[in-house]
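We will go stop by stop.

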Amino acid sequence: MTQPRIGLALGGGGARGLAHIPVLEAFDDLGIRPHAMAGTSIGALLGAAYAGGMAGEAMRSFAEDTFRDRNAVLAKLWKLRPKRFADLFGGGGLMQFEALKVLEVFIGDAIPATFADLRLPLAVIATDFYGCKELDLRTGNLHAAVAASIAIPALFRPVTIDGRIVIDGGVVNPLPFDALPKTCDIIVAVDVVGSPSPRRKRQNPSATDALFGATQILMQTITSQKLRSRRPDILVKPDIDSFRVLDFLKADKVLEAAEPIRETVKRQVADAIEAHDKAAAKGERHRLQA
């Protein structure tokens, strides 16, 4: 009996998206390669690395090594800051980085240059800002597509793709399981949006926490509406609510908190494959008896 085709969707959530790594490791443990992948924001970034051939374990080591040294991370960001005073705060009061430059410096070597170089089909979800609609990117420059998908408005300047002004995919589709092809037999979706949580000794959120927290609420609302009409076969939600969107320097703690998901995913995927095989065998018996 042939292996069922499994589609894997990785959602957006900033640093919380590092929780995707134990899920990818679970697939590696099972010896299963997804039939297709879809990713939004951090999910697009990690999805591109995985679809390009980077194993989950290597991804874990990369994340831990990259964010272990706080001073080294801050030094890289300082070099990437806008150089002109007029660009320093993006014209609107917030300092914004170039998403493509940040991508190239931190993880560019781990992501193939184009979609054609990927080993697995991947849909990268971004947002057409002035078109007010979702962009489903599957061909062309992969680095530009991923940079656009991670371009959180408060942190990154928009990216231009084919004349469109493009921003973070989580604005329109924070959990893009609906971007996976209909040929998938089993759909696995990983939701890392999380919920706003208060800081210690502070009841009211800071301006930054309020901004990102409001975005979380928006993303949760979009996902809830989608799940009312269609649900993935397996919905994975790591316990990472205590982490914030920019907590990349806590990469080791995010990975530790998400580690239980690895065994859960292995069990759920194995059960789904078994159920699919039984249904397929039953259908074959009925066909032969007809």
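Which residues is Thr 127 in contact with, leaving aside its neighbours within four places in sequence? Select Thr 127 and look around it. The contacts are Lys 133, Ile 165, Val 166, Ile 167, Asp 168, Gly 169, Val 171 and Val 172. Thr 127 is found in strand E4. Its relative accessible area is 4%. Buried means under 20%, so Thr 127 is buried. Remember as you go that this is a predicted model.

**Stop 1: the end of E4**

Follow the chain on to Cys 132. This residue is found in the loop between strand E4 (122–128) and strand E5 (133–137).

**Stop 2: Ser 41**

Now select Ser 41. Its phi is near 55 degrees, again a positive value in a residue other than glycine. Ser 41 lies in the loop between strand E2 (36–40) and helix H2. Its relative accessible area is 6%, so Ser 41 is buried.

**Stop 3: Leu 18**

At 4% relative accessibility, Leu 18 counts as buried. What is it in contact with, leaving aside its neighbours within four places in sequence? Select Leu 46, Ala 63, Phe 248, Ala 251, Val 254 and Leu 255. Next, draw a distance from Leu 18 to Met 59, C-alpha to C-alpha. The two are 41 residues apart in sequence and 9.4 Å apart in space.

**Stop 4: Thr 183**

Select Thr 183, in the loop between strand E8 (164–167) and strand E9 (186–190). Its relative accessible area is 39%, which lies between the 20% and 50% limits, so Thr 183 is partly exposed. Leaving aside neighbours within four places in sequence, Thr 183 is in contact with Arg 5 and His 35. Draw another C-alpha distance, this time to Ile 6. Thr 183 and Ile 6 are 177 residues apart along the chain, yet their C-alpha atoms are separated by 9.0 Å.

**Stop 5: two packed helices**

Two packed helices are described by the angle between their axes and the distance between the axes. Select helix H4 (residues 70–80) and helix H6 (residues 99–106). They pack at an angle of about 145 degrees, and their axes are 10 Å apart. The crossing of H4 and H6 is right-handed. Which residues make the contact? From H4, show Val 73, Lys 76, Leu 77 and Leu 80. From H6, show Lys 101, Val 102, Val 105 and Phe 106. Colour them by class: the contact has six nonpolar, no polar and two charged residues.

**Stop 6: the largest pocket**

Rolling a probe the size of a water molecule over the atoms shows where empty space is left. The largest pocket holds about 940 Å³ of space. To find its centre, select Leu 77, Leu 155, Phe 156, Leu 246 and Phe 248, which lie nearest to it among 36 lining residues. Which helices each supply at least two residues of the lining? They are H2 (42–51), H3 (56–68), H4, H6 and H8. The largest share, five residues, comes from H3. By class, the lining has 29 nonpolar, four polar and three charged residues.

**Stop 7: the second largest pocket**

Move on to Ser 197, Arg 199, Thr 208, Asp 209 and Arg 244. These lie nearest the centre of the second largest pocket, which is lined by 23 residues. Its volume is about 320 Å³. How do the lining residues divide by class? Nine are nonpolar, seven polar and seven charged.

**Last stop: Gln 216**

Finish in helix H8 (residues 207–229), where you will find Gln 216. Its relative accessibility is 8%, so Gln 216 counts as buried. Not counting residues up to four places away in sequence, Gln 216 touches Arg 16, Val 193, Gly 194, Ser 195 and Pro 196.

Notes
Residues numbered from 1 in each chain as written. Predicted model: local features only at pLDDT ≥ 70, side-chain atom pairs only at ≥ 80, totals over all residues. Heavy atoms only, no water. Helix = DSSP H or I, 4+ residues; strand = E, 2+ residues; numbered from the N terminus. Buried < 20%, exposed > 50% of the residue type's maximum accessible area, 1.4 Å probe, protein only. Contact = heavy atoms within 4.5 Å. Axes fitted to C-alpha atoms, helices over the stretch in contact; angles between N-to-C directions. Left-handed = near helix turned anticlockwise from the far one by under 90°. Nonpolar A, V, L, I, M, F, W, Y, C, P; charged D, E, K, R; others polar. 1 Å grid on protein atoms, 1.4 Å probe; cavity = no way out; pocket = protein on both sides within 12 Å on 5 of 7 lines; lining within 4 Å. Points joined across faces, edges and corners; volume = space filled by probe spheres on them.
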